[in-house]
Amino acid sequence: LDHATAARLYRQGAEQDFANGQFALGMSYLRGMGVPVDQTRAVKLFRQAADQGLALGQLSLGRCYSFGTGVAQDHETAARFYRQAADQGLAAAQYRLGLCCMLGTGVAHDVADAARFIRLA
């Protein structure tokens, strides 16, 4: 499939409230694949997926908050979304949360928690 067709199919899923469609369409907007780059729209779609409990949506939303992509940078909110995804066993989120703990970014500095989350990843 070409990117425009993929984005159209993701949109159909997103419009039917499928979390994976929301996440995939969000990635398309974030990267400008088949649609124009629109970070704000990407964040909205990641939030919809995250609200449905999709770990990849939670991780992606956390990254947006970490880096200020499409939203104001907010490390505490980022860590909260990383934790939600990490609690579901998503290794990338466990690693990100471990970094937050190691650096004291958005959470209390805690080397033991950092090591635990990074080992889980």
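Here is a walk through the structure, from the whole chain down to a few single residues.

Before we start, keep in mind that this is a predicted model, where local features need pLDDT of at least 70, side-chain atom pairs count only at pLDDT 80 or more, and totals for chains, interfaces and linings use all residues. Residues are numbered from 1 along each chain as its sequence is written, and side-chain values use heavy atoms, with hydrogens and water left out.

Let's begin with the overall build. The chain has seven helices and zero strands, so reading along the sequence gives the pattern α-α-α-α-α-α-α; here helices (H or I, at least four residues) and strands (E, at least two) are DSSP runs, numbered from the N terminus. The radius of gyration is 15 Å, close to the 14 Å that the globule rule gives for 121 residues, so the chain is as compact as a globular protein of that length. That radius is taken over C-alpha atoms, and the rule is 2.2 Å times the number of residues to the power 0.38. Along the principal axes, the C-alpha atoms fill a box of roughly 45 × 25 × 20 Å.

Of the 121 residues in the chain, 40% are buried, where buried means under 20% relative accessible area, exposed means over 50%, and partly exposed is in between (1.4 Å probe, protein chains only). The chain exposes about 6500 Å², and carbon and sulfur atoms supply 52% of that area; accessible areas come from the Shrake-Rupley method with a 1.4 Å probe, and for residues only the protein chains shown count as cover. As for contacts (heavy atoms within 4.5 Å), take those in the chain with a separation of 6 or more: residues 24 or more positions apart account for 38% of them.

Next, have a look at the largest pocket, which has a volume of about 180 Å³. On a 1 Å grid over the protein atoms alone, a pocket is an open set of points where a 1.4 Å probe fits, with protein on both sides within 12 Å along at least five of seven lines, and lining residues have an atom within 4 Å of a point. Grid points are joined across faces, edges and corners, and the volume is the space filled by probe spheres set on the points. The lining consists of F23, M27, L30, R31, F46, L56, L59, S60, R63, C64, F67 and T69. Helix 2 (19-31) and helix 4 (55-67) are the elements that give two or more residues to this lining, and helix 4 provides the largest share, six residues. By type, the lining divides into eight nonpolar (Ala, Val, Leu, Ile, Met, Phe, Trp, Tyr, Cys and Pro), two charged (Asp, Glu, Lys and Arg) and two polar residues (the others, Gly among them).

Stay with helix 4 for a moment, as S60 is found there. S60 is buried, with a relative accessible area of 10%, and, leaving aside neighbours within four places in sequence, S60 is in contact with F23, M27 and F46. Q58 is also found in helix 4 and is buried, at 5%. Not counting residues up to four places away in sequence, Q58 touches A50, G53, F81, Q84, A85 and Q88.

Finally, visit the loop between helix 1 (3-15) and helix 2, where Q16 is found. Q16 counts as exposed, at 54% relative accessibility, and its C-alpha atom is separated by 15 Å from that of L54, 38 residues apart along the chain. D17 lies in the loop between helix 1 and helix 2 and is exposed at 52%. D17 has a positive phi of about 65° although it is not a glycine. Most residues other than glycine have a negative phi.
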